[in-house]
Every structure is written in structure tokens, then in C-alpha cells.
Amino acid sequence: MRRVPAVMVLAVLLAGCADVEGLQSEGDLGTVHAPKSLWKDIRPDPPAPDQKPGTAAVVPGLPKVTDLSMRGVDALSVVRADITSAAEQDGGTGRLVDPRAVRRLGLCTQAVDGGPDCPVRPAVLHDLTGNGREELITALDVDGRVSELRVYTVQDDGSIARILSRRAVLEGVEVAAEHLAVREPTTNPDHVAVSDYVWDPKAGIMNLSQLTLDDCPGSAEGPAGGDGARCAR
């Protein structure tokens with residue numbers, strides 16, 4: 001009987017296995033790169049105690065609310081007192097409020113709504129803390145694009161305190177139960193960034209809970225489609 005060299009048998013087996021899908025080349029899978037830290041030796045200074053927009057702050061110069069309800073409170077007076085105080089605290093640096101906001105408030109008259117040129121938006125009352133008392137939600141439009149969003153609550157002692165301060169391009173603001181969502185444009189015209197704030201009873205403020213992306217209205221029709229509703233950039 002003729003013997004087949006073992007090396008030939010191995011070669012045949014390997015040749016046969018070469019047709020099995022599991023051994024086919026998957027091509028270049030690319031190179032995995034570890035993240036590279038930029039400026040890792042540079043750190044920002046911590047904010048001063050009076051320059052933390054994420055902390056609750058009693059608005060100075062306002063009378064206490066005896067019935068603990070925002071319904072009888074003059075929203076414009078609250079905003080004016082808060083913006084003026086914040087500008088004095090940050091010394092015009094813009095950490096707490098846009099320096100232009102105080103000048104813009106000068107456009108408001110003594111009318112109930114501040115007059116036609118007043119940049120303060122109509123106040124909205126909504127219970128964000130879940131205690132049955134409504135919070136005051138408003139915004140001051142600084143330049144037609146940037147706005148200073150503010151949320152105020154009445155504390156148990158009747159003091160009015162700011163529980164959310166946010167400078168943003170307000171593509172939209174939504175409230176539901178104890179949530180407040182701020183929609184802002186991104187560099188991609190098809191998407192907006194959505195910041196979801198919820199009441200934090202321990203901190204006594206509205207805390208950022210979630211940050212997501214959402215589609216812009218009208219994005220499915222393309223830039224010229226639909227009614228032209230697109231996200232501002």
C-alpha cells in the first residue's frame with residue numbers, strides 16, 4: 001500500500017479548511033486609539049461661594065410672601081431684584097448673569113407686563129418641587145438669541161429664592177410634573193440638546209438629571225421641506 005507522507009495530509013487539511021467561512025479575512029478593522037488628554041496640567045480655579053449659579057439663593061430686597069403663593073407676586077420685580085443683585089455680586093464678569101441683562105431691564109416700564117419693549121418673558125406658574133406650591137418660571141432675553149432663564153420658589157419662611165439659573169439659546173422650554181426641560185440648538189441643524197432638570201430636595205435646587213439629543217421639528221423634510229421649521233444655530 002502506498003503511504004502518503006504526513007506533511008502532505010496536513011497540507012490537504014489546511015487547504016480544505018481555507019474554504020471555511022470562519023477563516024476568511026475580514027479586512028482591516030482599523031486601529032484602536034486610547035483617548036488623549038489635552039491640557040491635563042491646567043485646572044480652572046474653583047468658583048467663589050457667591051458665584052455658583054447651581055445653588056439656591058434668596059433674592060434680596062423682596063418682601064416675604066405671607067401666603068406662600070407666587071400668584072400674587074410681581075414677576076418683573078423678582079427678576080429685576082435678582083438680575084441686579086447677581087450683576088453686583090459677579091462684578092460684571094458674567095459668571096452669574098450676562099452683563100447686558102441689567103441694561104436690557106431698563107427697557108421695562110412700570111406697566112404690569114413691563115411694556116412692549118420689556119425683554120422679560122411672561123411668567124409661567126408650575127409646581128416643580130412637588131409640594132403643592134407653584135414656582136415662577138421666566139426668562140430675560142438678552143440680545144434676541146441668548147436668554148437668562150430663571151426659576152424661583154417661595155420657601156417655608158416666605159422668602160423668594162432662585163432655584164435655577166441658566167444662560168442659554170432657548171430653542172424651547174417644557175415642563176411636566178417635577179421636570180423642566182431646556183432645548184438648545186447644536187452645530188447639527190437636525191438635532192437639539194435637551195437638558196432635563198428635576199427638583200433635588202436635599203440641595204434645594206433644580207438639578208441637571210439628564211442630557212440627551214432630540215430631532216429638530218421639520219428635520220425629516222430636509223432644509224427646504226415642510227414649513228421651514230428648523231433648529232436655530
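## Terms and basis

A polar contact is a pair of N or O atoms within 3.5 Å; within protein, one must be able to donate a hydrogen and the other to accept it, and residues adjacent in sequence count only if both atoms are side-chain atoms.

The model is predicted: local features need pLDDT of at least 70, side-chain atom pairs count only at pLDDT 80 or more, and totals for chains, interfaces and linings use all residues. Residues are numbered from 1 along each chain as its sequence is written, and side-chain values use heavy atoms, with hydrogens and water left out.

## The chain

The protein chain has three helices and nine strands (DSSP runs: H or I of at least four residues for helices, E of at least two for strands, numbered from the N terminus). Their order from the N terminus is α-β-α-α-β-β-β-β-β-β-β-β.

Of its 233 residues, 33% are buried (under 20% relative accessible area, 1.4 Å probe, protein chains only). Among contacts (heavy atoms within 4.5 Å) with a separation of 6 or more, 44% join residues 24 or more positions apart.

## Helix α2

Helix α2 takes up residues 75-90. D74 caps its N-terminal end, with a side-chain oxygen 3.2 Å from the backbone nitrogen of L76. After α2 comes G91, with a positive phi near 60°.

The buried residues of α2 include L76, V79, I83 and A87. An α-helix has 3.6 residues a turn, so residues three or four places apart point the same way. The cover over the buried residues of α2 includes α3 (100-105) and the strands β3 (135-141), β4 (146-154) and β5 (160-169).

Methods. Buried means under 20% relative accessible area, exposed over 50%, partly exposed in between (1.4 Å probe, protein chains only). The expected span of a helix is 1.5 Å times one less than its number of residues.
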